[in-house]
Amino acid sequence: MLMLLGAGAAHAQFWTPKATGFASASRGIDDISIVDDNVVWVKAYDGSGTGNQTIKDFSRSTDGGNTWTAGTAFLGLGTANTGLSSISAVSATTAWLSGYPTASTSAGQGVWKTVDGGATWAKQGTASFSGAASFANFVHFWNANEGVAQGDPEGGYFEIYTTTNGGTTWTRVPSANIPAPLSASEYGYVHNLDVVGNTIWFGTSLGRMYKSTDKGLTWTVAQTPLSDFGGTAESGNYTFSDQNKGLLNNSGGQLWSTSDGGVTWTPLIPTGVFGNNDIEYVPGTTMVVSSGGATGYGSYYSLDDGATWQVAEADTQFTTIEFLNNTTGFAGGFNQNSTTGGIFKYTGTQLPVAGFDRTEFSVYPNPTANILNISGESIRSIVVADLSGKTVLKQTFGSIDNPSIDLGSLQTGAYVVTVVNAQGEAKAMKVLKQ
């Protein structure tokens, strides 16, 4: 039988809330580092509205995000005015933090490493970030040895370091390998990066995007459509499925796509509602998840490279999003206390599994006045959403071949029909109701 699916049911299917373990309330998650299906690290910020930039809280899970152990990183004397800009982990015991100055008297910014699960942190001195204009935006490691740390321009060019021995020694990338900033006012943003394989991108305040295909050793730069958007500097939010295919959005609710790694961008006019905050591809697929909206609430997903969007959860405030693969993903939130809230674990079935040929699903007749037939095996559910992304009908089965759904109760217009089989493989198709 047909049944309506409200926002609460969609939330239960897509995200499961978990407790990050922070003793202080309103700790928001703004950076997530997923090591594997079991190990995840996150960095917190003060979401209470008091503007405290110096908290140094992190949390770690070793059971796939079901339970979390929170901690506070002691970075040593002289770091009282240091804030955390990013976190990057490679195991349950080894991770790095980058820190930035929150006051002119701060001398504690740079990169720190833990090898004991966050119990202690040691500063890595050769990624010095010691200049008058130094500001460390992020650190990222590909493995236990190879990493990069990026900061704002210092001495006339972006301050970027690389390491091949876990940070024991860092070497600053020479200015000849980095395109010069456009002006003294061009800078980067904290934890503003994306990584696919050996390729890494970071954005700037003038809407430009720097790219390295060799783990930070050499860089190119391209202008995005965000140059001084609306009189306000921003880098936007961007994500890449592979070294070429990517999406970019901005605070104004616009969306662009690229097929050449960010050199050129094409405007998209998608169907449905998408978030104008964070945006994240499921690596190597056509699936994208985004967060936020005009009020900062909600999360949304697309199965077709951002062309069509559906609502995953409309009533909850989400921050950053990160996916390791089509089964492991997390979205940041805000905790109420040490045992309630803070992060959301992806547990849904909307995202197809890797390698599935989604062309095996089809619908007919299209347009249809009433009955819509589904061609496909082992169908578990059919979800119908309007063009705003609101789910209006859903039919579920144990597992059935070639089912049908009655659209007779719906108004005339266009809808998005998502078919999911027993393996969690899905396809979204646009259907016209006469």
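This is a predicted model: local features need pLDDT of at least 70, side-chain atom pairs count only at pLDDT 80 or more; totals for chains, interfaces and linings use all residues.

**Stop 1**

Select Lys 215 and Glu 146. Their side chains meet in a salt bridge, with N and O 2.7 Å apart. Lys 215 sits in the loop between β16 and β17, while Glu 146 is in the loop between β10 and β11, so this contact ties together parts that are 69 residues apart in sequence.

**Stop 2**

Now pick Asp 57 and Arg 27. They form a salt bridge too, and the closest N and O atoms are 2.8 Å apart. Asp 57 belongs to strand β4 (residues 57-61) and Arg 27 to strand β2 (residues 27-34), so you're seeing a link between distant parts of the chain, 30 residues apart. Asp 57 counts as buried, at 9% relative accessibility, and so does Arg 27, at 11%.

Which residues does a network of salt bridges link here? Arg 27, Asp 46 and Asp 57 are its members.

Next, select Asp 30 and Lys 43, whose side chains meet in a salt bridge at 2.9 Å, N to O. Asp 30 is in strand β2 and Lys 43 in strand β3 (residues 40-46), so parts 13 residues apart in sequence are tied together. Both ends are out of the way: Asp 30 is buried at 14% relative accessible area, and Lys 43 counts as buried at 2%.

How many salt bridges does a search of the whole structure find? The total is 6.

**Stop 3: aromatic rings**

Time for rings. The structure holds 26 aromatic pairs. Click on Trp 15 and Phe 318: this pair is tilted, 5.9 Å from centre to centre, with 40° between the planes. Trp 15 lies in strand β1 (residues 15-19) and Phe 318 in the loop between β25 and β26, so the pair ties together parts 303 residues apart in sequence. Both Trp 15 and Phe 318 are buried.

Phe 344 is in strand β28 (residues 340-346), and the pair ties together parts 26 residues apart in sequence. Phe 318 counts as buried at 2% relative accessibility, while Phe 344 is buried with a relative accessible area of 9%.

Now widen the selection to Phe 14, Trp 15, Tyr 301, Phe 318, Phe 323, Phe 344 and Tyr 346. Ring pairs link these residues into a cluster.

**Stop 4: charges over rings**

Last stop! Select Arg 60 and Trp 41. Arg 60 lies over the face of Trp 41, at 5.6 Å from the ring centre. Then jump to Arg 172 and Tyr 157. What sits over the ring of Tyr 157? You'll find the charged end of Arg 172 there, 3.9 Å from the ring's centre.

Key: Residues are numbered from 1 along each chain as its sequence is written. Side-chain values use heavy atoms; hydrogens and water are left out. A salt bridge is a side-chain nitrogen of Lys or Arg within 4 Å of a carboxyl oxygen of Asp or Glu. Helices (H or I, at least four residues) and strands (E, at least two) are DSSP runs, numbered from the N terminus. Buried means under 20% relative accessible area, exposed over 50%, partly exposed in between (1.4 Å probe, protein chains only). Rings of Phe, Tyr and Trp (its six-membered ring) pair if their centres lie within 6.5 Å; planes under 30 degrees apart count as stacked, over 60 as edge-to-face and the rest as tilted. A charge sits over a ring if NZ of Lys or CZ of Arg is within 6 Å of the ring centre and within 35 degrees of the ring normal.
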